[in-house]
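Subject: Structure handover

Hello,

Here is the structure we talked about. Please open it alongside this note, and read on for what turned up.

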Amino acid sequence: MITRIAFLLLALCLACGSAVAAEAGLVIGSKKFTESVIIGDIAADLGRAAGTNVTHRQELGGTRLLWDALRSGAIDLYPEYTGTLIHEILAGERIPDAEALNAALARRGLRMSRSLGFSDTYALGMTIENARRLGIASLSDLSRHPEIRFGLSNEFLNRADGWPGLRAAYGLPLRSPTGLDHDLAYRALTSGAVDVIDLYTTDAEIAADHLVTLVDDRHYFPGYDAVILYRIDAVRRYPAVLASILRLEGAIDTSTMITMNAQARLEHRDEASIATDFVRDRFAIVTEDHSQGLASRVVQRTLEHLSLTLVSLAAAIAVAIPLGVFAARYPRIARGIMTVSGVIQTIPSLALLVFMIPLLGIGAQPAIAALFLYSVLPILRNTTSGLNGIAPGLRASAIALGLTPWRRLRRVELPLALPAIFAGIKTAAVINIGTATLGALVGAGGYGQPILAGIRLDDFGLILEGAVPAAALALLTEAAFDLAERLVAPRGLRLETGSGI
Amino acid sequence: MIEFDAVTMSFAGIRAVDALSLTIAAGERLALIGPSGCGKSTLLSLLVGLVVPDAGRILINGAALSPQTVIAARRRIGYMIQDGGLFPHLTARDNITLMAGELGWPEGRRAERLDALATLTRLPQPMLDRYPAELSGGQRQRVALMRALMLDPDPIILDEPLGALDPLIRADLQDELKEIFAQLGKTVLLVTHDLGEAAFLADRIVLMNQGRIVQDGSFADLVARPASDFVTKFVRAQDRRLVAGSTGSS
Ligand SMILES: Nc1ncnc2c1ncn2[C@@H]1O[C@H](COP(=O)(O)OP(=O)(O)O)[C@@H](O)[C@H]1O
Ligand SMILES: [Mg+2]
């Protein structure tokens, strides 16, 4: 019975899985922050204008994850910054100029576009009024105003290439600046509590709060030019698509990027529709608006989420029940199996997901593998304890009747352990549904996608769009299992537990 | 014919059966009796291969019990475990016919056999569709007996078949069991802790203590020619209970 259900689920999920895989084409990745997602969406629109399938795996994670995904071929390109390449990713190598950078990338089968037209780097900013009043336009102007109060983010204060280096380079006053949280810094600045803060040059707040960034006239800050980083083999596989995407070179200036960031962060507009507008205005390409309605978004995420859960759960059932039977029969091996799966259970889900990426790449597979590992233990443990919990007299009766070990298992032991096994599957399913929200971190989609986006954009409504269906699905699953439990459990067993003396 | 040949069986160093030899002839009805924990159940478990002896041999009709022969041997033995051991997830009918179904008996043959057994044990037909939890204690024992008898086995070995029943039902069932044994004419090995029941149902009584046979003979032998002090004490203890019981009720 259970095996039949498991097979059905497995077949169903393999079907949805292969349907998703067939549609991939060129794969674009983006980092887990707004600007990267917008550029990813724009690149996807431009790629689609060339006519081939293009997939955008949004908000995969941080720099390291995107870099690894690109090198392994899980994605074909993603937006990156030259400064990040030089100072973070390739920090171990000496890269004095653009030529050296291109050579270092080529050695790894990668190439980068020319600058997209803007640079996203550290800068110092002031309110326009203050800057005008004091006559400050550049960083060197600051040294003439010892009375100025700095409010700097803790990270900037502590980085060697942040405040310490900047103060030395410009001979700034020694008065110790106030350490602030980056998000609070804007409020401190506009309320007049501080005069100068550090910021990123494309921060949405620059336009919204009427700030100016001071000119880095001694070229202290390294260039963080935005580029498209891509695999050289993508040129061969998708020449037209890539050519279309590379039209972005020089196409986005700083103020345009700031405006787009502001639309996403301050007006809560969908990145896809911001990208659509940009591509229409800049390239006169009209793409269908990919921003879906709420209902179809939820439906799509439900399908993604269900397919993660169903595939991993079905695989876990198919593995854990036989393993549990084995463990019940050989107690010494059982201890080993339980220890291993217990240890897996204690690995934080985020870490487990990240472990999976080098093995399985990006997308549904690593998420399914991690969920599978999490689902095995509850089913395994309940199968073993259910079988071990069978009354010795019943076990002896089955043996004495002359049933072979296999038939004994099928006719007597598994049916008697069924309620316990079922409870294990239920536990696994509920854990699985909750944990699957983390799948969005590795590009698996599902309800985690809007939750992640909501956290990033500080948009509570978007968080709810993922969290509410996820909770509903967990409750629904629990209720469905309770119902199924009543239908599946042999009547005789229900009578027995019901008639406790 | 069943032979135990110097069989020893220990649990965690304690000898439950201690170098015990016993031969039971075909068609004989033998009752194993003795205080609780003296090794009666263990002896039956050895016969169906639920436990393997540390030393000694067990022969059924001259063939030694071995891992190769044990499954076939079990199917020829009608074993009723202490407390019945009915499977709670199966109806009475499915409990009884489980093994016959596994052996590929056609539906008709199973139904016919089930009918005959219901008549023999006087179990009302409607009870067959009930689950063990829906049956009375007496009915459960009848179903367990039917299951043991389903494949028309020889020998029949019963471990305290009437142990947990109240006295009235117990007396009824003793009468019925005696009748069933007489009708079947099979070898019977019956465990009981009640001397009266042993004398009533069996021709030969084997009294055990601490894994050994203390006396082997008829009821009259046990009373008139006790082999040891233990036998005298055991018989007197059972006797006193009977006397106390009768004076208490009068
Ligand atoms: N599965 C077992 N594990 C450990 N000890 C056992 C087991 N079965 C029986 N014994 C011990 O073996 C002895 C004989 O038990 P048993 O044959 O059940 O006695 P009886 O049926 O005569 O009451 C007792 O001391 C009992 O505790
Ligand atoms: Mg016993």
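Contact here means heavy atoms within 4.5 Å. By that rule, 20 residues of chain B are in contact with 23 residues of chain A. Please keep in mind that this is a predicted model.

The interface between the chains

Chain B and chain A bury about 2000 Å² between them. Carbon and sulfur atoms give 69% of that area. On the chain B side, three residues stand out: B:Pro88, B:His89 and B:Glu102. They supply 27% of the area that chain B buries against chain A, more than any other three residues.

The ligand site

Next, ligand 1. Which residues surround ligand 1? They belong to chain B: B:Phe11, B:Ala16, B:Ser36, B:Gly37, B:Cys38, B:Gly39, B:Lys40, B:Ser41 and B:Thr42. By type, the shell divides into three nonpolar residues, five polar and one charged. Helix 1 of chain B, residues 40-47, gives the largest share of the shell, with three residues.

Some distances are worth checking on screen:

- B:Gly37: a polar backbone atom is 2.7 Å from an oxygen atom of ligand 1.
- B:Lys40: here too a polar backbone atom is involved, at 2.9 Å from an oxygen atom of the ligand.
- B:Thr42: an N or O atom of the side chain lies 2.5 Å from an oxygen atom of ligand 1.

How much of ligand 1 does the protein bury? Taken alone, the ligand exposes 560 Å², and the protein buries 55% of that.

Domains of chain B

Chain B is divided into two parts. Domain 1 covers 2-77 + 153-249, and domain 2 covers 87-152. Their C-alpha centres lie 25 Å apart. The contact between them takes 18 residues from domain 1 of chain B and 14 residues from domain 2 of chain B. Together the two domains bury about 1300 Å², 64% of it on carbon and sulfur atoms. Within domain 1 of chain B, the residues that lose the most area to domain 2 are B:Arg75, B:Pro153 and B:Glu176. Together they account for 38% of what that side buries.

Domains of chain A

The assignment for chain A gives domain 1 (24-119 + 224-283), domain 2 (122-213) and domain 3 (294-493). Taken over C-alpha atoms, the centres of domain 2 of chain A and domain 3 of chain A are separated by 52 Å.

Two backbone details

First, chain B. A cis peptide bond joins B:Asp154 and B:Pro155, with omega about 10°. B:Pro155 sits in the loop between helix 5 (137-149) and strand 7 (156-159) of chain B.

Second, chain A. What is phi of A:His210? The angle is near 55°, a positive value in a residue other than glycine. A:His210 is in the loop between helix 10 (205-208) and strand 9 (211-213) of chain A.

Over to you.

Best wishes

Conventions. Residues numbered from 1 in each chain as written. Chains lettered and ligands numbered in written order. Predicted model: local features only at pLDDT ≥ 70, side-chain atom pairs only at ≥ 80, totals over all residues. Heavy atoms only, no water. Near = heavy atom within 4 Å. Polar contact = N/O pair within 3.5 Å; in protein donor to acceptor, adjacent residues only side chain to side chain. Areas by Shrake-Rupley, 256 points an atom, 1.4 Å probe, with all protein chains shown as cover. Helix = DSSP H or I, 4+ residues; strand = E, 2+ residues; numbered from the N terminus. Nonpolar A, V, L, I, M, F, W, Y, C, P; charged D, E, K, R; others polar. Domains from an automatic or database assignment. Buried area = accessible area lost by both parts, 1.4 Å probe.
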